[in-house]
Amino acid sequence: RHNLERLENIIDLAVALGAERLEIAHVQYYGWGLANRAALLPSREQLDKATATVEAARARFTGRLVIDYVVPDYYARRPKACMGGWGRRFLNVSPSGKVLPCHAAETLPGLRFPTVAEASLSEIWYHSEGFDRFRGTEWMPEPCRSCERREIDWGGCRCQAFALTGDGARTDPACALSPDHFLLAAAQAEATAELPEFIYRQHSNAPLTARPPVLQSG
């Protein structure tokens with residue numbers, strides 16, 4: 001929302017620097033991104049203009065610059081297959097050694113992800129609770145369970161479902177068929193409202209449940 005007006009200049013700079021690939025990614029609204037959503041989410045008009053700018057640049061720089069373009073889910077009618085589907089194609093090893101099916105998987109409560117010190121990657125991939133929880137289609141509620149796209153988008157993003165509804169097993173609200181899709185309409189209204197100040201990542205701004213305990217002596 002703050003720098004989309006400079007998008008064409010950013011692309012031109014990448015070309016001038018000799019870049020062969022450029023990723024233009026809107027913020028994904030988890031964690032502090034979600035806390036600052038009202039300050040970050042572009043309006044529909046801004047998004048459409050940015051998309052037109054990217055498409056024009058792709059045509060103009062064909063053979064010179066590949067542009068990866070990631071748009072916010074908040075204007076979608078169907079969710080993306082996050083990570084290609086939970087536990088289907090991707091794993092991430094965190095700095096602490098935990099093996100995760102996506103970068104934000106630890107935000108989901110009640111799931112345990114083993115470390116590489118506890119088990120082999122093969123054992124974790126095929127047999128761990130964390131990877132099995134949302135793999136495939138058996139876990140899906142309606143309308144996902146009977147949807148013809150259930151093996152295309154795999155129910156959407158589990159972390160986004162949890163962030164917006166408090167339940168990681170619900171249909172991703174990015175889907176127009178989700179009973180929670182209205183939550184995205186409310187967020188879109190924020191994008192046309194007065195621009196709020198950023199909430200910066202510091203102890204005093206952290207949610208109470210996320211703050212470490214304060215130890216007192218005496």
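Reader: Is Cys175 buried or exposed?

Author: Quick caveat: this is a predicted model, where local features need pLDDT of at least 70, side-chain atom pairs count only at pLDDT 80 or more, and totals for chains, interfaces and linings use all residues. Residues are numbered from 1 along each chain as its sequence is written, and side-chain values use heavy atoms, leaving out hydrogens and water. Now the general idea: buried means under 20% relative accessible area, exposed over 50%, and partly exposed in between, with a 1.4 Å probe and protein chains only. Cys175 has a relative accessible area of 8%, so Cys175 is buried.

Reader: How many disulfides does a search of the whole structure find?

Author: A disulfide is a covalent bond between the sulfur atoms of two cysteines. The cut-off here is a pair of cysteine sulfur atoms within 2.5 Å. The search of the whole structure comes back with zero.

Reader: What pattern does the chain follow along the sequence?

Author: Helices (H or I, at least four residues) and strands (E, at least two) are DSSP runs, numbered from the N terminus. This chain has eight helices and four strands, in the order α-β-α-α-α-β-β-β-α-α-α-α.

Reader: And what share of the 218 residues is buried?

Author: Buried residues make up 39% of them.
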